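Let's take a walk through this structure together, one region at a time. Have the sequence and the coordinates open, and follow along as we go.

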Amino acid sequence: MPNPIRNPLVGVLGAGQLGRMLALAGYPLGMRFRFFDPTPGSPAGQMAEQIVAPYDDYKALESFSQGLDVATYEFENVPVEAALFLSQRVPVYPPPQALSVSQDRLTEKGFFAGYDIPTPPFAGVNTLDELKSAIDKTSLPAVLKTRRFGYDGKGQSVLHTMEDAETAWQAMGSQPLILEGFIPFQRELSILAVRGIDGATLFYPLVENHHRDGILRLSLAPAPNLSTSLQAEAEGYASRVLNALHYVGVLAIELFQVGGHLLANEMAPRVHNSGHWTIEGAESSQFANHLRAICGLPLGSTAPLGYSAMLNLIGTIPDPARVLAFEGAHLHLYGKEPRPGRKLGHITLRTDDPSILGERLALLQKIIK
Ligand code: AMP
């Protein structure tokens, strides 16, 4: 392992809440931060230097890169060209190739398939005829998605009939699409892994995720009723991705559980919302471990501390005093203006006794309503 730099200056593309929590994890280690984001006053920019410019402003990227020891990103729709431009000036982790794989759902699913990681059946769609033959492959129901720039369930349509297919095509057909078989999964899970510059790899326990309207609402960690075989299956798939990409940093893979097995839905080459529980609920958080990895430091233990439920605060913020008065609740606010559908913060509820977590969570949800 190369000698780690003391008090490294870490450059982060994107200055949202993920960047803010990275900085909060890095300050105790003496790290310094500089962010790059087109939106002024972003959550991370409220606590560290932020360069405000579009991601294709190469002059601004050049001055951003000056003096950085390492660069990373906290937003997976950062243009790959910006990451590549930086990588000619300073080490960039995770490798920009991870960005290009994850930015296009068709490339991503093809990548998973290429490493024998099972996925829902899928096919690329560029014309109405291709949509019809894709339906022959996946059968109905199926999910039509834009290949790029989809997040939190945006740019998706569930097709039940051939008529739905025609309607969805009219609405979405002007851009490259992917059709996936609709999976009647038992539950959604995610695996978070971290790989160091020296190849050392650790995994957090699988997390159970609950979405509504395509947005993550609740994560339970470790996932209830987690078998060692399911954890091993997830770790095996994550290892293939990490090794194939010579990955450094935290990687998240979102999975569907069907029977006793897993299908890969998508990956995020960054710290992830389903890992926020690790701040209080694991020995080392995903944010600390991402920074340790990219700065060439030893990784920290990913062992869970008790049982956690992470609730996203979406659209509105509850009375902080009520949350803080609730035993075991940890409040995080991101410094964002309330707006419908916007992730404004989260609460992690941690207990040592798994049998009371559900009851405590129900009470907390009632209190913050
Ligand atoms: P995504 O943007 O691909 O993560 O999709 C958002 C959410 O839509 C997922 O978390 C699932 O709840 C649901 N979803 C996506 N793809 C499928 C699929 N092939 N089958 C069933 N549900 C899906």
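Is H246 buried or exposed? H246 is exposed, because its relative accessible area is 61% and the cut-off for that label is over 50%. Before going further, please keep in mind that this is a predicted model. H246 sits in the loop between α8 and β13, and its backbone deserves a look too: phi is near 50°, a positive value in a residue other than glycine.

D213 belongs to the loop between β11 (207-212) and β12, and with a relative accessible area of 67% it counts as exposed.

While we are looking at the backbone, let's turn to the cis peptide bonds. One of them runs from Y93 to P94, with omega near -10°; P94 is part of the loop between α3 and α4 (96-103). Another cis bond joins A221 to P222, where omega is near -10°. P222 is placed in the loop that runs between β12 (215-221) and α8 (228-244).

Now to the ligand. How many residues surround the ligand? There are 16 of them, and the closest are K145, Q156, I183, E188 and E266.

Several side chains come within polar contact range of ligand oxygens. In the side chain of K145, an N or O atom is 2.8 Å from an oxygen atom of the ligand. For R105, the distance between a side-chain N or O atom and a ligand oxygen is 2.9 Å. N265 also takes part, with a side-chain N or O atom 3.1 Å from an oxygen of the ligand. On its own the ligand has 480 Å² of accessible area, and the protein covers 91% of it. As for where the shell comes from, the elements that give two or more residues to it are β6 (142-146), β8 (177-181), β13 (249-258) and β14 (261-268).

Next, the aromatic residues. The count comes to 10 aromatic pairs. Take F36 and F64: their ring centres are 5.4 Å apart and their planes stand at 75°, so this pair is edge-to-face. The pair links distant parts of the chain, since F36 is in strand β2 (residues 32-36) and F64 in helix α2 (residues 58-65), 28 residues apart. Both F36 and F64 are buried.

A related arrangement is found where R148 lies over the face of F149, here at 5.3 Å from the ring centre. Returning to F36 and F64, ring pairs link these residues with Y55 and F75 into a cluster.

F182 is located in the loop between β8 and β9 (187-195), and at 41% relative accessibility F182 counts as partly exposed. F182 and G259 are 77 residues apart in sequence, and their C-alpha atoms are 15 Å apart in space.

Follow the chain into strand β9 and you reach S190. Which residue does the side chain of S190 contact? Its partner is S274: the two side chains make a polar contact at 2.7 Å. S190 is buried, with a relative accessible area of 0%.

Notes:
Residues numbered from 1 in each chain as written. Predicted model: local features only at pLDDT ≥ 70, side-chain atom pairs only at ≥ 80, totals over all residues. Heavy atoms only, no water. Near = heavy atom within 4 Å. Polar contact = N/O pair within 3.5 Å; in protein donor to acceptor, adjacent residues only side chain to side chain. Areas by Shrake-Rupley, 256 points an atom, 1.4 Å probe, with all protein chains shown as cover. Helix = DSSP H or I, 4+ residues; strand = E, 2+ residues; numbered from the N terminus. Phe/Tyr/Trp six-rings, centres within 6.5 Å; stacked < 30°, edge-to-face > 60°. Buried < 20%, exposed > 50% of the residue type's maximum accessible area, 1.4 Å probe, protein only. Lys NZ or Arg CZ within 6 Å of the ring centre and 35° of its normal.
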